[in-house]
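Try each task before you read its solution.

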Amino acid sequence: GGQNSFTEGLACGVPLLVCPGFGDQVVNAEKAEVMGVGQQVPRPDPDAGHEAVAAAQYRADVAERLRCVFSEKTYLAKASECAGRLQRAGGVPRAVEVM
């Protein structure tokens with residue numbers, strides 16, 4: 001869910017499932033949902049003694065969201081649109097030209 005992984009996924013037109021832990025991952029998880037390119041599954045923060053139950057639920061949630069992100073065609077369509085925009089932006093050669 002970091003910026004590099006987020007952008008690489010979008011550059012390839014792949015729907016995203018972000019499991020944010022810290023830093024930019026939290027922002028990117030929200031961006032994925034707002035942009036319509038994916039979903040997020042927040043990491044659990046269980047009370048002591050409840051780690052196993054939380055981990056099992058987290059795995060189930062991730063599996064469910066993965067199925068959703070890859071079966072609902074709107075995520076793929078939005079990710080593909082983003083890939084096209086990124087490709088048209090010109091990448092590093094365009095950045096060098098602008099600078």
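**Exercise 1.** This is a predicted model. Work out whether Glu 97 is buried or exposed, then find its salt-bridge partner.

*Solution.* Start with the surface: Glu 97 has a relative accessible area of 60%. Exposed means over 50%, so Glu 97 counts as exposed. Next, look for the partner: the side chains of Glu 97 and Arg 94 form a salt bridge, with 2.5 Å from N to O. Now check Arg 94, which comes out as partly exposed at 38% relative accessibility. A search of the whole structure turns up 1 salt bridge.

**Exercise 2.** Describe how helices α1 and α2 are arranged, and say which residues make the contact.

*Solution.* First, the axes of α1 (residues 3-11) and α2 (residues 24-35) come within 9 Å and cross at roughly 25°. Angles under 35 degrees count as roughly parallel, so that is what we call α1 and α2. Then list the contact: α1 brings Gln 3, Phe 6 and Leu 10, while α2 brings Asp 24, Asn 28, Lys 31, Ala 32 and Met 35. Sorted by type, these residues give 4 nonpolar, 2 polar and 2 charged.

**Exercise 3.** Which elements give two or more residues to the largest nonpolar core?

*Solution.* The core has 9 residues, including Phe 6, Leu 10, Leu 16 and Ala 79. The elements you want are α1, β1 (16-18), α2 and α4 (73-89). Now zoom in on Leu 10: leaving out residues up to four places away in sequence, Leu 10 touches Leu 16, Met 35, Val 37, Ala 79, Cys 82, Ala 83 and Leu 86.

Terms used:
Residues numbered from 1 in each chain as written. Predicted model: local features only at pLDDT ≥ 70, side-chain atom pairs only at ≥ 80, totals over all residues. Heavy atoms only, no water. Axes fitted to C-alpha atoms, helices over the stretch in contact; angles between N-to-C directions. Helix = DSSP H or I, 4+ residues; strand = E, 2+ residues; numbered from the N terminus. Parallel < 35°, antiparallel > 145°, perpendicular 65-115°, else oblique. Contact = heavy atoms within 4.5 Å. Nonpolar A, V, L, I, M, F, W, Y, C, P; charged D, E, K, R; others polar. Core = buried A, V, L, I, M, F, W, Y, C linked by side-chain atoms within 4.5 Å. Buried < 20%, exposed > 50% of the residue type's maximum accessible area, 1.4 Å probe, protein only. Salt bridge = Lys/Arg side-chain N within 4 Å of Asp/Glu carboxyl O.
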